[in-house]
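Me: I'm new to this one and would like a close look at a single part. Here is what I'm looking at.

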Amino acid sequence: MKDVLVQSLGFILVILAGVVLKKLKMVKKEDGYTLAAIIMNVTLPCALFTSATGISFDATMLVVLCLGLIFNLVLLLSAYLVSIKKEPTDKANYMLCCSGYNIGNFIIPFCEAFFPGVGVAYICMFDVGNAIMVLGGSFALASAVATQKTKFHLKDLTDKLKASPPFLTYMVIVVMAIFELSLPEEVMTICSYVGDANGFLVMLMIGVLLELKISKEEIGDVIRILVTRYGVNTLLALLIYFVIPLPILAKQVLVLTVYSPLSTIAPVFILQCGYKKDVPAMTNSISIIISIIICITLLILFV
């Protein structure tokens, strides 16, 4: 418990450092996007290789991968039903805010210190299915609901997946697991050195990008989205822990994973669906705070 609290306190202090640096105008919000680019293209892939090396691909991994896809579809349907009486663009906003898990930029830094190796491997497999939806699948469904003129093609999704370093890293990890391959020790040493910076950079980025500004007229949508997202994910967490036959380690890391905040790319897709309000940014920021509290509590219970 002490280790969890100390590690979590470190995360929170780095997030607060990001907030303070922005308040003092030593960094700008735009710098957070620069950090995000460094994380997604450099430190996260290295951290994934370091944490998931030596794993083997089995039936459990396949089930976990499918759950990443299925859970997104459940959240999309739930959001659509909750917003059934709203305008088309509002429905699209609900669907994209309620679905999708921010795994690489949130859960992995939380989990790699306590569940290295196979634990992170389970998260990676879940994120393969999650990435298919987050990087285009969910947008295709939401944009159809919003009745946008722009058509979505499968090539759009595959192009996004091919251009995503974390997703390509997952694919390499899967192939290596299937054929029981491993990277040379020299390469792993370099990956470990670079990957060790991932947790710090992620938390600093979160602090820099964190914003809590919204009009009173939009707060109702924010609350409704958050209640739907965390309510449905709580049901999914109970399903994982008490119903789905998985190893206890897989249950623990997946329960943590479903409490991830919104995907960082969701606001971009929401804008493309024609939604122009500040609800996505506010929802994202509040979801980060909620997820930190929930994940710290779960880590205290699990570790």
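Which residues in α6 meet which residues in α8? Please take me through that spot slowly, and then show me what else is worth a glance.

Reply: Happy to. A quick note on the ground rules: this is a predicted model, where local features need pLDDT of at least 70, side-chain atom pairs count only at pLDDT 80 or more, and totals for chains, interfaces and linings use all residues. Residues are numbered from 1 along each chain as its sequence is written, and side-chain values use heavy atoms, with hydrogens and water left out.

Now your spot. On the α6 side you have Cys-124, Met-125, Asp-127, Val-128, Ala-131 and Ile-132, and they meet Phe-167, Tyr-170, Met-171 and Val-174 in α8. Contact here means heavy atoms within 4.5 Å. Sorted by class, this contact has 9 nonpolar residues, no polar ones and 1 charged. In that sorting, Ala, Val, Leu, Ile, Met, Phe, Trp, Tyr, Cys and Pro count as nonpolar, Asp, Glu, Lys and Arg as charged, and the others, Gly among them, as polar.

How do the two helices lie? Helix α6 covers residues 118-145 and helix α8 covers 165-178, and their axes come within 10 Å and cross at roughly 135°. (Helices are DSSP runs of H or I, at least four residues, and strands are runs of E, at least two, numbered from the N terminus; axes are lines fitted to C-alpha atoms, for helices over the stretch in contact, and angles run from 0 to 180 degrees between N-to-C directions.) That angle is why α6 and α8 count as oblique to each other. For the labels, under 35 degrees is roughly parallel, over 145 roughly antiparallel, 65 to 115 roughly perpendicular, and the rest oblique.

What about disulfides, pairs of cysteine sulfur atoms within 2.5 Å? The whole structure has 0 of them. Cys-124 is in no disulfide, and its nearest cysteine sulfur, that of Cys-111, is 11 Å away. Cys-97 is buried too, with 0% relative accessibility. The closest cysteine sulfur to that of Cys-97 is in Cys-98, 6.9 Å away, which is too far for a bond.

For another helix pair, look at α1 (residues 2-23) and α14 (residues 279-302), whose axes come within 10 Å and cross at roughly 165°. These two are therefore roughly antiparallel, and their crossing is right-handed. Val-4, Leu-5, Ser-8, Ile-12 and Ile-15 of α1 make the contact with Ile-292, Ile-296, Leu-299 and Ile-300 of α14. By class, that gives 8 nonpolar, 1 polar and no charged residues.

Finally, back to α8 and the loop that runs between it and α9 (185-195), where you'll find Glu-180. Glu-180 isn't a glycine, yet its phi is positive, at about 55°. Most residues other than glycine have a negative phi. With 66% relative accessibility, Glu-180 is exposed. Lys-25, in the loop between α1 and α2 (29-52), has a positive phi near 60° and is exposed as well, with a relative accessible area of 74%.

How values were computed. A disulfide is a pair of cysteine sulfur atoms within 2.5 Å. Buried means under 20% relative accessible area, exposed over 50%, partly exposed in between (1.4 Å probe, protein chains only). A crossing is left-handed if the near helix is turned anticlockwise from the far one by less than a right angle, and right-handed if clockwise.
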